[in-house]
Amino acid sequence: MGAGGRLWLPAAPGPGLGLLPPGARLGAATAAADRQRTGGRAGVSVGRVWKGHRVTSRTASAPLIVGIGGTTRPGSTSERTLVKALAAAEALGARTRLFGGAILTRIPIYDPTTADRSPELQDLLDGVRQADGVIIATPGYHGSVSGVVKNALDALEGVRGDARPYLDGRAVGCIVTADGWQAGGTALASLRTIVHALRGWPTPLGVTFNPSASPLFDAAGELCNVRDGEMLAMLAGQVVGFARMKQALAEPA
Ligand SMILES: Cc1cc2nc3c(=O)[nH]c(=O)nc-3n(C[C@H](O)[C@H](O)[C@H](O)COP(=O)(O)O)c2cc1C
């Protein structure tokens, strides 16, 4: 709680997405510039669903944000919040790709003595290779990250030898859903520690939800609490903003 007993909440994301001052130039990497170049098509999402992936396509220079997480439980709250965060990233002009519970459970248990090349793992590794930013969502299981999500992250050993190993150079937004506040906090801390080990940059904002304290989604699949959507949008904004900043820095002057 903040001063005066009021709950502290971060400020709403501004034009600088919390990373750059408002009005700062991001070069040709901005969504506005994309739209100008492509005659307004940059914001067009042509999402498709295939075996637990959802892929949207925009212009090549729009950052690709890859989502990893969820469970196979019907109505998985971690997966649904991840989808909302990716939708927020799309609203900011990003492309997105989802690796949800259905595909993560098909990735074999990581074995360091074998180089598993199952199509699901290959897809995940390709997605991470191409990613400009990542959002990970896990349920809190016994105070930490679920085995399915951890297995997917262990399997990123497959990109260890790349020029850009693991999650190197990418901002990573972390989301946890758990039936208790304690597991929300401990699982978030665990996930961020894992992201650090994978050379990723956890975003300043991590988001935890406790669906047992208050309903997260309504019958129509929308978030019940507007503020929850704002938190996910802020997290997505920090991931997309970091990706755009990296793109801008990589552009020739
Ligand atoms: C194996 C297992 C372990 C869990 N451990 C915890 C826990 O330690 N603390 C907690 O608050 N909730 C725990 N939960 C509840 C889940 O974190 C919670 O239901 C979460 O929202 C499930 O995510 P999902 O909706 O994406 O499946 C556990 C659930 C399962 C199935």
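The legends below describe close-up views of a predicted model.

Local features are given where pLDDT is at least 70, and side-chain atom pairs count only at pLDDT 80 or more, while totals for chains, interfaces and linings use all residues. Residue numbers start from 1 along each chain, as its sequence is written.

**Figure 1. Overview of the protein.** The secondary structure comes to seven helices and nine strands. Helices (H or I, at least four residues) and strands (E, at least two) are DSSP runs, numbered from the N terminus. Buried residues make up 43% of the 253 residues. A residue is buried if 20 or more other C-beta atoms lie within 10 Å of its own, exposed if 12 or fewer, and partly exposed in between, with C-beta atoms placed from the backbone. Of the contacts with a separation of 6 or more, 75% join residues 24 or more positions apart. Two residues are in contact if their C-beta atoms, placed from the backbone, lie within 7 Å.

**Figure 2. Strand β7 and its partners.** β7 spans residues 171–177, and seven of its seven residues are buried. A171, G173, I175 and T177 point one way; V172, C174 and V176 point the other way. Strand β5 (residues 133–141) runs parallel to β7, joined by seven bridges. Two strands pair if DSSP finds at least two bridges between them. T138 has V176 of β7 as its bridge partner. Strand β8 (residues 201–202) pairs with β7 in the parallel sense over two bridges, and P202 of β8 stands opposite V172. Strand β9 (residues 207–209) also pairs with β7 in the parallel sense, over three bridges. Here F209 is the bridge partner of T177.

**Figure 3. Helix α2.** This helix covers residues 77–91 and has 15 residues. From first C-alpha to last it reaches 21 Å, close to the 21 Å expected at 1.5 Å a residue. The expected span is 1.5 Å times one less than the number of residues. Since 13 of its 15 residues are buried, α2 is largely enclosed by the rest of the structure. G93 follows α2 and has a positive phi, near 100 degrees.

**Figure 4. The shell around the ligand.** There are 18 residues around the ligand, and T77, S78, P139, G180 and A183 come nearest. A residue is near a molecule if its C-beta atom, placed from the backbone, lies within 6 Å of it. α2 and β5 each supply at least two residues of the shell. By class, the shell has five nonpolar, ten polar and three charged residues. Ala, Val, Leu, Ile, Met, Phe, Trp, Tyr, Cys and Pro count as nonpolar, Asp, Glu, Lys and Arg as charged, and the others, Gly among them, as polar.

**Figure 5. The largest nonpolar core.** This core has 57 residues, and I65, A85, A89, I135, A236 and V239 have the most contacts inside it. Helix α7 (residues 226–250) gives the largest share, nine residues. A nonpolar core is a set of buried Ala, Val, Leu, Ile, Met, Phe, Trp, Tyr and Cys residues joined through C-beta atoms within 7 Å. Leaving aside neighbours within four places in sequence, I65 is in contact with residues including L86, A89, I135, V239 and V240.

Figure 6. H142 is found in the loop between β5 and β6 (144–145). Its phi is positive, near 50 degrees. H142 counts as exposed because it has 10 C-beta neighbours inside 10 Å. Y166 is found in the loop between α5 and β7. Y166 is not a glycine, yet has a positive phi of about 50 degrees. With 19 C-beta neighbours inside 10 Å, Y166 counts as partly exposed.
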